[in-house]
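Subject: Structure handover

Hello,

Here is the structure I promised to pass on. Please keep it open while you read the notes below it.

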Amino acid sequence: MKALIKFVFLITAGILISCGGKEEKKTKKFEYNQQPATEKTVEQPAAASELPASKRASLDNKGVGKVKHVELNPTIDEAMAARGAELFKTNCTACHKPNKRFIGPSPAGILELRTPEWVMNMILDPKLMTEQDPIAKALLVEFNGAAMANQNLTEAQARDILEYFRTLK
Amino acid sequence: MKKHKLQLLTLFGALMLLTSCGNNNNQNKSSGALRSSAAEKVYVAPGEHDEFYAFMSGGYSGNVTVYGLPSGRMFKEIPVFSQFPTSGYGYSEETKPMLETSHGFVPWDDAHHPDISQTNGELDGRWIFINGNNTPRIARISLTTFETEEIIEVPNSAGNHSSSFVTENTEYVVAGTRFSVPVPQRDMPIKEYKSEFKGALSFISVDPEHGHMDIKFQLIMPGFNYDLSHPGRGKSHGWFFFTTYNTEEAHSLLEVNASQNDKDFIAAINWKKIEDYVNNGGGTKMPANYAHNIYDESTHTGTTTMKKEVLTVDPLKVPGAIYFLPTPKSPHGCDVDPTGQYIIGNGKLSADLTVHSFDNMIAAIEAKKFDGEAYGIPILKFEDVLAGTVKSSGLGPLHTEFDDKGNAYTTFFISSEVVKWKLGTWEVLDRKPTYYSVGHLMIPGGNSRKPFGKYVVALNKITKDRYLPTGPEMEHSAQIYDISGDKMELIYDFPTHGEPHYAAGIPASILAPKSKKIYRLDENKHPYAVSSPDQAKVVREGKEVHIYMSTIRSHFTPDNIEGIKVGDKVYFHITNHEQDFDVPHGFAMIGQQTSELLVMPGQTKTSVWYPKQVGVWPFYCTDFCSALHQEMQGYIRVSPENSNIEISYSLGED
């Protein structure tokens, strides 16, 4: 009989918990107060000995997205680069300066660190990239969580911008 | 014994918990089963979309709200006739002109009857029109941007109520006056109302490409109250029908004095005939003064043009174009069935519905069977035009909508119910209570040739006990009924914003695919737009300072500005450089005596600030735009009026 009572008690307790879904949570107000929302704590990547993502080369990585293969002509297509420069000016310069680090990294010399495919995928779908690509993820952390804006460019426009990047030294 | 008690209590407690939790095992409770099936019908799972859009007029909010059906979830409030601090509509320099009228800036109106544009009598989903009742205006809202694009004032009109209904191909949006007034306005004794006051019915043409509105002609009718209207369709296309009341022409205590006549009229207007007359040089140009406000999507700017003339038509000059159909008891709603054969007049002081037949009307006109005239306009014989009467024993019939199976649905205000009846047999098929005092009702496409008869929404006037009380003032309540079966089934209540009068519904499949996501920056023709951040600048022109500013996650360019002085008039021209869906930026300046701006991707908006106090004053982004939103701020240094500090501005420089 005692066993039955215990059993029923247990069931009752189980129902109480599952029904309300209100498991008591200990409030941690004091700790919240210690960490104001504006304070930035930059998390260090696991392998701390490595260079920061913006300096780290990853030339075997095409990134994540619809651009799978880009063929670069040895000579720069000036018309494409000119279009790319114009697109870069209106869509990107709020955060990227051609020759210096700003809100985001500078694109000068980018192809020494990244594949053309990676660059275009980053332009075309920055959200997917920062979710799935390890370098893009690390860059987001390195740049204070300033998420790159998707400027809704076409693949051809991204290719023009890539050509413009080749002209930057 | 004690042990037993404990055991019993424990078991009892367990049982209580089992029954109170979930209700899943309650097969024997029939109301529970019904409730769960009603719940399934309105349940739209998280992340899934509704089947219909519903556009509810806001009544005294002056705006339109957008809901999903069947869920009753509200998606957006579209500012139309009222200032809207949420977005800056009517506060920003670009949108202030939208609220200009011949009376000056009017920041509010009473919005009543939305109607979606049609092609061949079917909803085409290009625009939705709505009337401002108080200071007579008609607005056109784009159904790609869901923004007000145009507002035209209606002269010679007052209480713009029998509006804004569109003809079968959106040739016209029609606006009729509820209150007759002296036309043209003049100083005269009110007592001389009779025969001196007139009721203007305005036919506003709609440009088929851009939707731009223009008053083609105004029909200057006798001084009755023109209450509601609907276009003919199909065979009756080319006609328009208006209910009238106060054919007594009372000017005081209308409650009594306008309820004397046993029958008022439905005015049947052959607008095609009048259009021909006007196209052949007919009509009289009358001096007028009314505002025409157009918002240009590429400049993101509204402009006002004052128009000085309107073409009026004397009904007696176009014989055979206008007839009166006697209709009992101060008819309110005036609805035409999807075939265009039946014209339903709901005598609001009657228990029955009067249904006129278009064919009978034409036959009576051709046989010249008249029963007198009113101010020279022939009155047809009631019995000759009557198709049937719906004997429903409800009280206070107001409005009728239609499904796609030959049924009509009429609201009864006084007896608080929706009555379903059969067109042609006039047989009442079903009736369901509403909670409470229903006004209009809406079936998506229910006033077109092609209704989508799955749901009817009742728009109730009294909320009372339907929701948790919120003090004396409450939102109104809508109720959705499933009408796919023989009997209507009430499936959900939801509160609505303002006082929805009429509403318009349309399948989501027509609108959703063409809903605009961003404004393209490279199509922005705003004169103060900055297309790239290096064009951001601050320019002083005497006492006026123009700040050309751009935004992107998450900073303003520039964000430090000096050289502003007390007594300046400062314009903030903010261009949002985002090109991604749903990334607006907000802008607010401390102490600015206006609303914030909410700037959509690719858009430019402007607000004015009069700095009055010396100091360094912050501004910030009001829309939580990114993880670094809290960092999106800037400072403006305000110096004394006689200071000689030059304008300077920067971003990220020391």
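The notes below cover chain B as a whole and then one of its sheets.

This is a predicted model, in which local features need pLDDT of at least 70 and side-chain atom pairs count only at pLDDT 80 or more, while totals for chains, interfaces and linings use all residues. Residues are numbered from 1 along each chain as its sequence is written, and chains are lettered from A and ligands numbered from 1 in the order in which they are written.

Overall: chain B contains 46 strands and 7 helices (DSSP runs numbered from the N terminus; E, at least two residues, for strands, and H or I, at least four, for helices). Its C-alpha atoms occupy a box of roughly 100 × 90 × 45 Å along the principal axes. Buried residues make up 50% of the 654 in chain B (20 or more other C-beta atoms within 10 Å of the residue's own, with C-beta atoms placed from the backbone).

The sheet: in chain B, 4 strands form an open antiparallel sheet, ordered S3-S2-S1-S35 (strands pair if DSSP finds at least two bridges between them). Strands S3 (74-78) and S35 (503-507) of chain B each have a single partner strand, so one side of each lacks a neighbour in the sheet. S1 (residues 52-57) and S2 (residues 64-69) of chain B pair antiparallel over 6 bridges. B:Ala54 has B:Tyr67 in S2(B) as its bridge partner.

Regards

Note on methods. A residue is buried if 20 or more other C-beta atoms lie within 10 Å of its own, exposed if 12 or fewer, and partly exposed in between; C-beta atoms are placed from the backbone.
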